[in-house]
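Here is my note on the model, written for someone who will open the coordinates alongside it.

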Amino acid sequence: MAGFSPLPMSELVCPLCEMPDVLTHPGRHECLTCGHEWPLEGSLADEPDAERVVKDAYGNVLADGDIVAMIKDLKLKGTSQTLKVGTKSKPIRLVDGDHEIDCKMDGLSIALKACFVKKVQP
């Protein structure tokens, strides 16, 4: 084939699909095949660990010991119970993971996402 020149092989491969089609942007790499993005080597090591900030549905910053209330009815998986709007918690504890809040409501220990609660005054 006249005029065909293959692209040079990159030493960098995507950690997800292992294809060599990788673009380098300021601060990150991007795979052209699957769209996966990851930081440049060493860019995470240079940044200090930032403290995690958890905000309620209205943007108020939550802290350990705050009291929250439900902003919508939520059916609890695995039970026939529903947490109703306005149900208040005992003092909360912030944890890592998908569900940022551990607390007690209606006598149950539950994990909640912060987007379903609002901060209330004790």
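The points below go from the whole chain to strands, single residues and the pocket.

1. **Basis.** This is a predicted model, in which local features need pLDDT of at least 70 and side-chain atom pairs count only at pLDDT 80 or more, while totals for chains, interfaces and linings use all residues. Residues are numbered from 1 along each chain as its sequence is written, and side-chain values use heavy atoms, with hydrogens and water left out.

2. **Overall make-up.** The order from the N terminus is β-β-β-α-β-β-β-β-β-β-β-β-β.

3. Of the 122 residues in the protein chain, 25% are buried. Buried means under 20% relative accessible area, exposed over 50%, and partly exposed in between, with a 1.4 Å probe and protein chains only. The protein chain exposes about 8900 Å², and carbon and sulfur atoms supply 54% of that area. Areas come from the Shrake-Rupley method with a 1.4 Å probe; for residues, only the protein chains shown count as cover. Take the contacts (heavy atoms within 4.5 Å) between residues at least 6 apart in sequence: 37% of them join residues at least 24 apart.

4. Strand β1 (residues 22–25) runs antiparallel to β2, joined by four bridges. Two strands count as paired if DSSP finds at least two bridges between them. His25 stands opposite Arg28 in β2. The hairpin of β1 and β2 has two residues between the strands, and Gly27 there takes a positive phi near 90°. On its way, β2 also meets strand β3 (residues 37–39), antiparallel, through three bridges. His29 has Trp38 as its bridge partner in β3. This second hairpin has five residues between its strands, and Gly35 in the turn has a positive phi of about 85°.

5. **Two faces of β2.** Which side chains of strand β2 (residues 28–31) are buried? His29 and Cys31 are, and they point to one face.

6. **β6 is buried both ways.** In strand β6 (residues 67–70), Ile67 and Ala69 point one way, Val68 and Met70 the other, and all are buried. Strand β12 (residues 117–120) joins β6 antiparallel through four bridges. Val120 in β12 is the bridge partner of Ile67.

7. **The β9-β10-β11 sheet.** Three strands form an open, antiparallel sheet in the order β9-β10-β11. β9 (93–94) and β11 are the edges; each has a single partner strand, so one side of each is left without a neighbour in the sheet. Five bridges pair strand β10 (residues 101–105) with β11 in the antiparallel sense. Ile101 stands opposite Leu112 in β11.

8. **Glu100.** This residue sits in the loop between β9 and β10. Glu100 is buried, at a relative accessible area of 18%. Leaving aside neighbours within four places in sequence, Glu100 is in contact with Arg52, Val54, Arg93, Leu94, Val95, Leu112, Lys113 and Ala114.

9. Most residues other than glycine have a negative phi. Glu18 has a positive phi near 65°. Glu18 lies in the segment before β1 and is exposed at 61% relative accessibility. Asp106 has a positive phi of about 50°. Asp106 belongs to the loop between β10 and β11 and is exposed, with a relative accessible area of 56%.

10. **The largest pocket.** Its volume is about 240 Å³. A pocket is an open set of points on a 1 Å grid over the protein atoms alone, where a 1.4 Å probe fits, with protein on both sides within 12 Å along at least five of seven lines; lining residues have an atom within 4 Å of a point. Grid points are joined across faces, edges and corners, and the volume is the space filled by probe spheres set on them. The lining is Leu74, Lys75, Leu76, Lys77, His99, Ile110, Ala111, Leu112, Lys113 and Phe116. β7 (74–75) and β11 (108–112) each supply at least two of the lining residues. The largest share, three residues, comes from β11.
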